[in-house]
Amino acid sequence: MQNITENISTEQRMIDLFKGNIDLIRGNEPESISLLRQKAIETVKTKGFPDITTENWRFTDLDPLLRTVYDFDFTNQSRPFDIEKIFSCDVYDLDTFSVTLLNGWFVYQNAPLTTLKNGTIIGSLSKAMEVYPELVSKYLGKIAPLEQPGLTALNTAFFQDGLFIYVPEDVKVDKPIQLINIVNSERPVMFQPRHLIIQEKDSQLTLVHCDHSLTHNISFTNSVSEAFLAKNAELDFYKIQNKGHNSAVINSSFFSQKQHSKLTSSALTLNGGFTKNIVYSLLEEPECNATHNGLYLVDSNQHVDNQLEVDHAAPNCTSEQLYKGILDDEATAVFSGKIMVRRDAQKTLAYQNNKNILLTDDAKANTQPQLEIYADDVKCSHGATVGQLDQEAMFYLRSRGLNERAARQLLMYAFAAEVVRRISIEPLKERIDHLVEKRLKGELSICDQCMLHCNTKEPTVFNIDVSKL
Amino acid sequence: MLSIKHLKVSINGKTILKDFNLEVKKGEVHAIMGPNGTGKSTLASVIAGRDLFDVDEGSITYMGHDLLEMDPEIRAREGIFLGFQYPVEIPGVSMANFMRTAINEKRKYLGLEPLSGAEFLKLMENRKKLVDIHSKLTNRSVNEGFSGGEKKKNEIFQMAMLEPKLAILDETDSGLDIDAMKVVAHGVNKLRSPENSTILITHYQRLLDYIVPDYVHVLYDGRIVKSGGKELAFELEDKGYEWIRKEAGVQEAI
């Protein structure tokens with residue numbers, strides 16, 4: 001645990017922290033990773049952090065977050081424990097292989113690394129760097145940009161642990177792997193988890209990543225994931241965020257796809273004080289397909305920002321982005337979705353759509369679709385809407401006996417359902433469906449799944465108030 | 001059952017219905033005919049409670065209550081059903097979920113226990129047969145991807161589920177081929193009873209070959225200009241609306 005003073009710049013503070021704890025941070029990692037860290041801290045030093053004059057950060061102000069002084073845990077404070085004693089996941093019907101991160105550190109339930117019968121390796125990234133240094137070095141940092149100002153560089157300098165998955169050639173991991181990322185601390189803390197997913201040729205994987213906070217204290221999670229899909233690989237990636245008002249999450253996911261691979265990523269933000277999801281999706285070789293779905297349901301003064309870039313670098317690839325949000329109270333949402341079609345990416349099909357429903361005059365949605373096309377034989381489209389519920393549909397439902405509130409709830413639910421029904425795992429779809437329904441009825445609390453007795457007696461219930469429509 | 005007196009309705013300052021009068025008693029079937037743009041659909045919407053329209057004058061009494069004071073959902077629960085001319089597509093809401101919510105809201109209003117899942121499914125299967133619907137409605141969204149004919153059948157299906165006292169079918173025959181129309185008519189006839197009433201709004205006489213009305217009214221320029229028995233429909237079919245126009249002494253509206 002480190003305490004730091006506030007009268008120096010955030011960059012300098014981070015650099016000092018890095019220097020002061022370099023041995024703890026490095027642990028038993030290979031030399032190549034240590035070199036990456038050096039480069040990354042150089043970026044922090046020379047380029048600093050984005051501010052509201054940076055294009056993709058115009059509507060999301062990092063400054064208050066960065067000015068807060070956080071503690072860092074450079075050693076794993078978590079003891080082996082039975083996660084089910086304090087937390088039960090809401091997606092319990094799902095038969096998953098589940099792993100837990102507590103405050104950014106892998107929780108060793110059995111072993112730090114598990115090798116399944118089919119050869120799949122799942123476990124702690126920290127341990128993987130020790131046991132499989134070559135494998136980790138080959139991929140880590142290869143798609144997450146180190147030179148750009150921002151939090152990816154910070155994460156690369158500081159990360160110590162996270163989830164590591166390796167799926168060998170031809171292996172179809174039949175059970176979804178579920179990562180439960182829990183934040184529970186009495187102090188304001190910053191976490192920098194790092195996840196690495198490597199899929200060999202013809203492999204299949206489903207990963208469900210759940211973010212929860214079990215505390216009302218201030219926390220800042222700056223996580224980075226990198227996923228590499230080899231030829232014909234398929235990845236179904238879900239991110240479910242249900243966090244407290246005082247939690248801030250910047251979550252950057254980088255995907256790289258080789259020929260004929262298929263990626264489906266879904267980001268479902270049910271609650272989160274301050275959330276920014278950054279996605280960079282590179283279609284590196286021909287015939288890839290990437291689908292990015294998103295749903296955000298926010299109220300009070302929550303802020304959610306989804307920044308996507310789908311980069312078509314090869315011909316005959318298809319991509320789709322569908323992001324939908326419902327905003328209540330003074331909630332704000334940002335969507336900036338970019339489709340980049342490079343010169344060689346002929347026959348690209350790329351679609352993007354962002355739809356928002358605002359329930360109050362104070363709620364705000366900023367949506368910025370961007371197309372950058374350098375090939376001439378492509379089909380791309382984008383659309384964005386900010387509006388209210390369809391009055392014709394409202395009347396239709398009411399004319400069948402549904403009161404205004406029930407009709408609104410049903411329509412909001414239907415609005416969200418367009419995203420939810422794209423979920424391909426049936427039990428997960430049902431659970432998410434149920435969570436969304438609860439959320440819209442104001443029955444979902446962040447304390448729903450928690451059995452800890454934290455410092456608040458009453459659970460925090462978020463409520464999208466339909467009567468305001 | 002329904003008594004409309006001196007009803008004057010406008011939208012954005014433009015008068016659509018002028019001094020409209022209609023009495024519908026229990027068990028009766030009334031057909032309201034007339035050329036396009038004379039206010040037929042407006043009448044249907046006003047009875048169902050659409051708030052786009054302004055009721056400037058007159059009254060509508062339903063089962064002894066002032067209908068205009070009721071919210072649309074209360075009208076529905078009290079037994080009024082509007083079969084829409086253009087049923088709305090609602091992606092993401094399953095037909096089954098929608099109907100179950102609607103039925104149970106009505107039952108709650110009437111002080112009845114909600115239908116159990118099994119009871120509901122049984123009722124739904126039974127009513128589907130009535131209108132020749134074979135698809136599983138449990139996983140289909142309301143009207144989404146339905147053909148024109150399916151949408152109209154779906155309206156009659158909903159009517160069969162909700163068992164209204166007064167059904168207003170707005171151009172339910174439009175856009176239907178003869179087979180689909182027979183199915184729709186069969187459904188309506190099956191649901192006819194001495195206890196409930198129907199208002200058929202139609203442009204053509206052909207629907208009335210299958211659903212025989214007790215009364216036929218001709219709506220022209222916002223008011224009923226002629227009323228009669230079912231034979232009036234045949235006369236209209238023979239002579240067209242021009243005849244009515246002349247007889248009513250209404251000026252051709254341009």
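Trainee: Which residue of β14(A) stands opposite F254(A)?

Mentor: In this predicted model, the residue opposite F254(A) is Y280(A) in β14(A). The two strands, β12(A) and strand β14 (residues 274-283) of chain A, run parallel and are joined by ten bridges.

Trainee: Why is strand β12 (residues 247-257) of chain A called largely enclosed?

Mentor: A residue is buried if 20 or more other C-beta atoms lie within 10 Å of its own, and eleven of the eleven residues of β12(A) are buried, so the strand is largely enclosed by the rest of the structure.

Trainee: How do you know which faces of β12(A) are covered?

Mentor: Both are, as the buried residues on each side show. One side has S247(A), V249(A), N251(A), S253(A), F255(A) and Q257(A), while the other has A248(A), I250(A), S252(A), F254(A) and S256(A), and all of these are buried.

Trainee: Turning to chain B, how do you know whether its radius of gyration agrees or disagrees with that of a compact globule?

Mentor: For 254 residues, a compact globule would have a radius of gyration near 18 Å, and chain B has 18 Å, so the two agree. The C-alpha atoms of chain B fill a box of roughly 60 × 40 × 35 Å along the principal axes, and 43% of the 254 residues count as buried. The secondary structure of chain B comes to eight helices and twelve strands.

Trainee: What makes β2 and β5 edge strands in the sheet of four strands in chain B?

Mentor: The order in this open, antiparallel sheet is β2-β1-β4-β5, and β2 (14-24) and β5 (65-66) of chain B each pair on one side only. Helix α1 (residues 40-48) of chain B packs on this sheet, where the helix touches β1, β2 and β4 and its direction makes about 70° with that of β2(B). Within the sheet, strand β1 (residues 2-11) and strand β4 (residues 54-62) of chain B pair in the antiparallel sense over seven bridges, and I4(B) stands opposite I60(B).

Trainee: What makes the pairing in the sheet of six strands in chain B mixed, and how do β3 and β11 pair?

Mentor: The open sheet with the order β6-β9-β10-β3-β11-β12 in chain B is described as mixed in its pairing. One of its pairs, strand β3 (residues 29-33) with strand β11 (residues 215-220) of chain B, is parallel over four bridges, with A31(B) opposite V216(B).

Trainee: Why is N143(B) called buried, whereas E163(B) is called partly exposed?

Mentor: The cut-off for a buried residue is 20 or more neighbours, and 12 or fewer makes a residue exposed. N143(B) has 22 C-beta neighbours inside 10 Å and therefore counts as buried, whereas E163(B) has 17 and therefore falls into the partly exposed class.

Trainee: What is the phi of N143(B), and what is that of E163(B)?

Mentor: N143(B) has a positive phi of about 60° although it is not a glycine, and E163(B), also a residue other than glycine, has a positive phi near 45°. Most residues other than glycine have a negative phi. N143(B) is found in the loop between β8 (141-142) and α5 of chain B, and E163(B) lies in the loop between α5 and β9 (166-170) of chain B.

Trainee: How do you know where around the axis of α7(B) its buried residues lie?

Mentor: The buried residues of helix α7 (residues 231-239) of chain B are L232(B), A233(B) and L236(B). They cover an arc of only 105° around the axis, which puts them on the same side of α7(B). The face turned away from that buried side carries the exposed residues E231(B) and D238(B), and the helix is followed by G240(B), whose phi is positive, near 75°.

Trainee: How many residues does each chain give to the contact between chains A and B?

Mentor: The contact takes 19 residues from chain B and 17 residues from chain A. On the side of chain B that touches chain A, α2 (72-77), β7 (90-94), α3 (95-109) and α5 (148-162) each supply at least two residues, and the residues of that side divide into eleven nonpolar, three polar and five charged.

Definitions and conventions: Residues numbered from 1 in each chain as written. Chains lettered and ligands numbered in written order. Predicted model: local features only at pLDDT ≥ 70, side-chain atom pairs only at ≥ 80, totals over all residues. Pairing = 2+ DSSP bridges. Contact = placed C-beta atoms within 7 Å. Axes fitted to C-alpha atoms, helices over the stretch in contact; angles between N-to-C directions. Nonpolar A, V, L, I, M, F, W, Y, C, P; charged D, E, K, R; others polar. Rg over C-alpha atoms; globule rule 2.2 N^0.38 Å. Arc of directions from axis to C-beta.
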